[in-house]
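Student: I would like to learn how to read a protein model. Could you take me through this one, feature by feature?

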Amino acid sequence: MEKISQFVARLLLAQTFLLAGISKISGYADTRGYMDAMGIPGTLLPLVILLEVGGALAIIIGWQTRLVSVALALFTLAAAVIFHSNLADQTQMIMFMKNIAIAGGFTLLAVHGAGGYSLDNRSSRA
């Protein structure tokens with residue numbers, strides 16, 4: 001059960017980023033405009049998409065989990081501060097707190113590793 005629950009936990013954390021990255025591809029112009037309006041250069045959007053999609057896939061398969069988890073935790077904290085800092089707005093406060101919780105999940109992954117059913121922990125048997 002432990003290996004399965006570790007895999008499911010990685011999947012649940014990562015799916016948000018996978019879907020968000022894919023939606024940024026299909027809504028590229030709108031996302032770029034939103035980033036520009038928030039003071040973040042829209043030219044960074046390809047890197048955001050790469051981090052979200054590539055990072056999510058890496059977490060799901062359990063590859064370089066500790067490193068990718070640190071990157072996604074920092075990214076998520078930065079997104080909370082930049083895009084959800086209007087805490088007087090209840091929706092923005094919920095989004096801010098959600099990002100903090102997700103960063104906490106990634107911090108646990110960074111500390112404890114991918115766990116079961118991951119490339120990081122594949123057996124060395126030939």
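**Reading the helices, pockets and cores**

Tutor: Start with the lining of the largest pocket: α1, α2 (28-37), α3, α4 and α5 each supply at least two of its residues. This is a predicted model, in which local features need pLDDT of at least 70 and side-chain atom pairs count only at pLDDT 80 or more, while totals for chains, interfaces and linings use all residues. Residues are numbered from 1 along each chain as its sequence is written, and side-chain values use heavy atoms, with hydrogens and water left out.

Student: How many helices and strands are there in the chain?

Tutor: Helices (H or I, at least four residues) and strands (E, at least two) are DSSP runs, numbered from the N terminus. Here the chain has five helices and zero strands, so its elements read α-α-α-α-α from the N terminus on. Along the principal axes, the C-alpha atoms fill a box of roughly 50 × 30 × 20 Å.

Student: What is a pocket, and what volume does the largest pocket have?

Tutor: Rolling a probe the size of a water molecule over the atoms shows where empty space is left. The search uses a 1 Å grid over the protein atoms alone; a pocket is an open set of points where a 1.4 Å probe fits, with protein on both sides within 12 Å along at least five of seven lines, and lining residues have an atom within 4 Å of a point. Grid points are joined across faces, edges and corners, and the volume is the space filled by probe spheres set on the points. For the largest pocket, that volume is about 590 Å³.

Student: Which residues of the lining lie nearest the centre of the largest pocket?

Tutor: Of the 24 lining residues, K24, E52, F75, A79 and F83 lie nearest the centre. Helix α4 gives the largest share of this lining, six residues. By class, 16 residues are nonpolar, five polar and three charged. In this sorting, Ala, Val, Leu, Ile, Met, Phe, Trp, Tyr, Cys and Pro count as nonpolar, Asp, Glu, Lys and Arg as charged, and the others, Gly among them, as polar.

Student: Which residue forms a salt bridge with K24?

Tutor: A salt bridge is a side-chain nitrogen of Lys or Arg within 4 Å of a carboxyl oxygen of Asp or Glu. The count by this rule is one. The partner of K24 is E52, and their closest N and O atoms are 3.2 Å apart. The pair links distant parts of the chain, since E52 is in helix α3 (residues 45-61) and K24 in helix α1 (residues 2-26), 28 residues apart.

Student: Why do E52 and K24 count as buried?

Tutor: Buried means under 20% relative accessible area, exposed over 50%, and partly exposed in between (1.4 Å probe, protein chains only). E52 counts as buried because its relative accessibility is 4%, and K24 because its value is 19%. Over the chain, buried residues make up 35% of the 126 residues.

Student: How many residues has the largest nonpolar core?

Tutor: A nonpolar core is a set of buried Ala, Val, Leu, Ile, Met, Phe, Trp, Tyr and Cys residues joined through side-chain atoms within 4.5 Å. The largest has 14 residues, and F17, I59, L72 and F106 have the most contacts inside it. Two or more of its residues come from each of α1, α3, α4 (65-83) and α5 (90-112). A second, separate core of five residues includes M35, L45, I49 and V53.

Student: With which residues is T76 in contact?

Tutor: Contact means heavy atoms within 4.5 Å. T76 is found in helix α4, and it is buried because its relative accessible area is 3%. Leaving aside neighbours within four places in sequence, T76 is in contact with F17, N99, I102, A103 and F106.

Student: Where is Q64 found, and what is its phi?

Tutor: Q64 is found in the loop between α3 and α4. Its phi is near 55°, a positive value in a residue other than glycine. Q64 is partly exposed, because its relative accessible area is 37%.
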